[in-house]
Amino acid sequence: MQQSWEMRLHLAERKEKTLFLKLTSQIIQEILSGRLKQGTRLQGSRTLADELGINRKTVQSVYEDLEAQGWLVSKPRQGTFISEHLPDLKLESTSNLMTSAQASMEVSTPQEEAIKNDGIPDTRLIPYELFSRAYRHALIKVTRQKIMGYGDPQGALELRQALLNMLSMERFIQTTLQHICVVRGSQMGIFLAARVLAKQQAQGQVIVVEQWSYPPAVETFLSNHFQIVRVRLDQHGLDTDHLTEILKNHSVAAVYTTPHHQYPTTVSMSMDRRLKLLELSKTFDFYIIEDDYDHEFHYDSRPIPPLISLPAAEKVIHIGSLSKVFAPSLRVGYVVADLEIIQAMKQDILLIDKQGNAITELAIAELMQQGEIKRHTRKMRKIYQSRRDFAVMTFQQLFQNKVEITMPAGGMALWIKFNLPYQTHYTEALSHLNIDSEYNFGSHLTSKLDGFYIRYGFAALSEVEMTQIIQSLSQVLLDG
């Protein structure tokens with residue numbers, strides 16, 4: 001719907017603290033009131049910025065966030081429009097609506113899952129049109145080529161070839177198609193690695209995990225009858241000196257680590273420790289299970305090369321995922337390992353899965369080959385970096401010296417220490433905010449009087465949503 005008149009917006013009387021929040025809230029309010037109707041084209045970002053006397057980047061950021069929330073739609077070479085499919089609100093009546101910022105929070109529920117799952121992508125930013133086209137092409141291909149039956153349990157050849165190219169060009173990993181196995185997300189890769197190692201090892205062997213570690217991985221190792229021994233962490237990642245002590249006293253089958261952005265502390269393992277870990281692997285003859293779950297999102301410099309790309313990496317089982325690029329429901333991951341491990345995994349896949357989803361694998365392969373995944377990742381990296389910076393700034397503004405945050409070099413979450421004595425009523429109060437992690441409270445500290453930690457996922461939240469939830473958190477913790 002083209003407009004014969006330009007929409008005028010006034011921000012001076014709004015109470016929000018930043019221009020970003022003022023403009024975001026004003027546009028939502030105009031949509032709710034019916035003044036901005038579905039299908040209406042908005043002014044270009046430069047035109048609106050000039051009219052309001054603000055920076056064009058602010059307008060662009062507002063448009064991107066509102067598009068992510070479902071309020072706006074961007075059409076190439078046409079402009080930005082009010083969506084024809086707005087979030088689920090009763091637009092016919094505004095008499096009982098909250099303020100516009102509150103309304104934005106009410107309709108945007110991903111912030112709940114972002115904290116519950118402490119670091120998930122914003123599924124509202126998925127390029128659905130590209131996905132639809134790629135899936136359509138994949139469906140046509142499997143139909144015409146009559147490959148709707150069972151395929152290779154190691155994964156579609158096209159996807160493994162696309163992964164091979166990506167791993168070589170982006171991750172410095174020199175491997176072959178035979179060393180890559182497609183799985184249904186990183187958790188399946190962890191399970192297969194545990195199962196294969198359990199068959200190879202004697203009863204009662206140990207898997208070493210970091211002091212704080214990914215709970216589903218720990219549960220997977222326990223379910224395969226391994227003992228768990230924890231190795232210390234510090235600001236440089238896994239403590240290889242402590243690991244050496246453990247290796248001298250235990251029969252270790254594998255070390256499970258998240259070296260790129262350690263889960264949950266977000267620390268990146270230093271290069272000297274990476275090399276030392278690989279050296280220990282050869283000396284003591286154990287595998288390293290490298291969970292590289294969000295390698296794509298590194299903001300401050302080039303990502304550190306994965307363990308498997310470094311010298312002496314023969315016993316590394318590298319596990320990656322594309323779910324963090326798009327959405328958790330996109331169950332596509334991969335394992336890179338030696339042939340013995342990959343062949344054993346194939347046999348287990350035949351028992352539990354037969355093969356993956358050929359249509360999804362072909363669709364993802366097309367998107368990778370055409371460069372669409374790289375373009376989408378580059379776009380998301382900028383958005384998530386901006387959200388990381390905003391989250392840190394907001395926490396520091398509201399909590400000041402009551403909070404300690406080391407700015408993570410990458411990832412989709414913050415590891416936050418609150419310099420506040422733990423209060424028993426926090427449990428129920430924070431559960432209402434959907435903060436539900438075993439890392440919330442001070443069980444890992446010397447004393448709960450010293451403070452407590454939470455892991456806060458920021459990637460799935462717009463700035464409006466983050467402001468609301470961090471303010472709510474401050475009311476719980478500071479006003480008590």
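The second largest pocket in this predicted model is lined by 22 residues, and those nearest its centre are Met166, Glu170, Lys374, Thr377 and Arg381. A pocket here is an open set of points on a 1 Å grid over the protein atoms alone, where a 1.4 Å probe fits, with protein on both sides within 12 Å along at least five of seven lines; lining residues have an atom within 4 Å of a point. The volume of the second largest pocket is about 650 Å³, a volume being the space filled by probe spheres set on the points, which are joined across faces, edges and corners. At least two lining residues come from each of helix H7 (157-171), helix H13 (358-369) and H14. Helices (H or I, at least four residues) and strands (E, at least two) are DSSP runs, numbered from the N terminus. H7 gives the most to this lining, with six residues. By class, the lining of the second largest pocket holds nine nonpolar, six polar and seven charged residues; Ala, Val, Leu, Ile, Met, Phe, Trp, Tyr, Cys and Pro count as nonpolar, Asp, Glu, Lys and Arg as charged, and the others, Gly among them, as polar.

Residues are numbered from 1 along each chain as its sequence is written. For the predicted model, local features need pLDDT of at least 70 and side-chain atom pairs count only at pLDDT 80 or more, whereas totals for chains, interfaces and linings use all residues; side-chain values use heavy atoms, with hydrogens and water left out.

Helix H3 (56-69), strand S1 (72-75), strand S2 (79-82), helix H6 (128-144) and helix H14 (372-399) each contribute at least two residues to the lining of the largest pocket. H3 gives the most, with six residues. The lining of the largest pocket comprises 14 nonpolar, 14 polar and 10 charged residues.

H6 and H13 pack with their axes 8 Å apart and at an angle of about 125°. Axes are lines fitted to C-alpha atoms, for helices over the stretch in contact, and angles run from 0 to 180 degrees between N-to-C directions. H6 and H13 are therefore oblique to each other, given that angles under 35 degrees count as roughly parallel, over 145 as roughly antiparallel, 65 to 115 as roughly perpendicular and the rest as oblique. The two helices, H6 and H13, cross in a right-handed manner; a crossing is right-handed if the near helix is turned clockwise from the far one by less than a right angle, and left-handed if anticlockwise. The contact (heavy atoms within 4.5 Å) involves, among others, Leu130, Phe131 and Tyr135 in H6 and Ile359, Leu362 and Leu367 in H13. The contact of H6 with H13 has 12 nonpolar, two polar and three charged residues.

H14 also packs against helix H16 (residues 463-479), at an angle of about 30° and with the axes 10 Å apart. H14 is therefore roughly parallel to H16. The crossing of H14 with H16 is right-handed. Residues of H14 in this contact include Phe390, Phe395 and Phe399, and those of H16 include Met466, Ile470 and Leu477. The contact of H14 with H16 divides into 10 nonpolar, five polar and two charged residues.

Helix H1 (residues 19-33) packs on H16 at an angle of about 110°, with the axes 10 Å apart. H1 is therefore roughly perpendicular to H16. Phe20, Leu21 and Thr24 of H1 meet Glu463, Val464 and Thr467 of H16. This contact of H1 with H16 has three nonpolar, two polar and one charged residues.
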